[in-house]
Amino acid sequence: MRAVVQRALGARVEVEGQVVGAIERGLVAFVGAAKDDDDADADHVAGKIAGLRVFSDDAGKMSRALSDVRGAGVLAISQFTLFGDVRRGLRPSFDGAMEPVRAEALYERFIAALRARGLTVATGRFRADMRVFVENDGPVTILIDSKRTF
């Protein structure tokens with residue numbers, strides 16, 4: 001499972017003009033599942049996100065995690081395009097992405113794993129055409145891959 005995680009002052013996701021998920025301060029996680037991912041991959045990425053120390057302490061150092069920041073949450077957005085491969089041209093191939101039925105189940109597992117860690121989680125809508133609005137903080141962007149390919 002892959003995730004691109006951005007620290008945000010606020011974020012929301014809309015489907016057909018309606019807000020379906022929003023957070024104030026926290027992390028926005030764009031997540032995608034690979035063909036061979038399983039529950040352990042979802043749990044691994046959720047654990048990494050929950051423990052990321054990317055929020056500043058009183059000295060200005062990034063040493064605090066989500067659980068240390070009052071009111072912080074996660075906005076989790078499914079995004080199969082994280083597996084877009086353009087090594088052989090300019091049109092992305094998504095052959096590495098998991099098929100949608102299994103991917104949705106793994107995405108739900110990922111969300112449950114975050115919530116099991118006591119985090120507030122808002123979501124987009126799986127397979128929907130979404131508009132995501134992120135007020136980046138920093139910006140701070142972290143890449144996470146359960147297979148450690150980058």
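**Helix packing and nonpolar cores**

The axes of H1 and H2 come within 8 Å and cross at roughly 40 degrees; axes are lines fitted to C-alpha atoms, over the stretch in contact for helices, with angles from 0 to 180 degrees between N-to-C directions. The model is predicted: local features need pLDDT of at least 70 and side-chain atom pairs count only at pLDDT 80 or more, while totals for chains, interfaces and linings use all residues. Residues are numbered from 1 along each chain as its sequence is written, and side-chain values use heavy atoms, without hydrogens and water.

**Helix contact**
- Asp39, Ala42, Asp43, Val45, Ala46, Ile49 and Ala50 in H1 meet Leu106, Arg109, Phe110, Ala113 and Leu114 in H2 (contact: heavy atoms within 4.5 Å).
- The residues of this contact comprise nine nonpolar, no polar and three charged.

**Nonpolar cores**
- The largest nonpolar core has 33 residues, and those with the most contacts inside it are Val5, Leu27, Ile49, Val74, Phe110 and Leu114.
- Such a core joins buried Ala, Val, Leu, Ile, Met, Phe, Trp, Tyr and Cys residues through side-chain atoms within 4.5 Å, where buried means under 20% relative accessible area with a 1.4 Å probe, protein chains only.
- At least two residues of this core come from each of E1 (2-15), E3 (26-32), H1 (39-51), E6 (73-78), H2 (100-116) and E8 (130-145).
- H2 gives the most to this core, with seven residues.
- A second, separate core of 16 residues includes Ala11, Val28, Phe30 and Ala34.

Methods:
Buried means under 20% relative accessible area, exposed over 50%, partly exposed in between (1.4 Å probe, protein chains only). Helices (H or I, at least four residues) and strands (E, at least two) are DSSP runs, numbered from the N terminus. Ala, Val, Leu, Ile, Met, Phe, Trp, Tyr, Cys and Pro count as nonpolar, Asp, Glu, Lys and Arg as charged, and the others, Gly among them, as polar.
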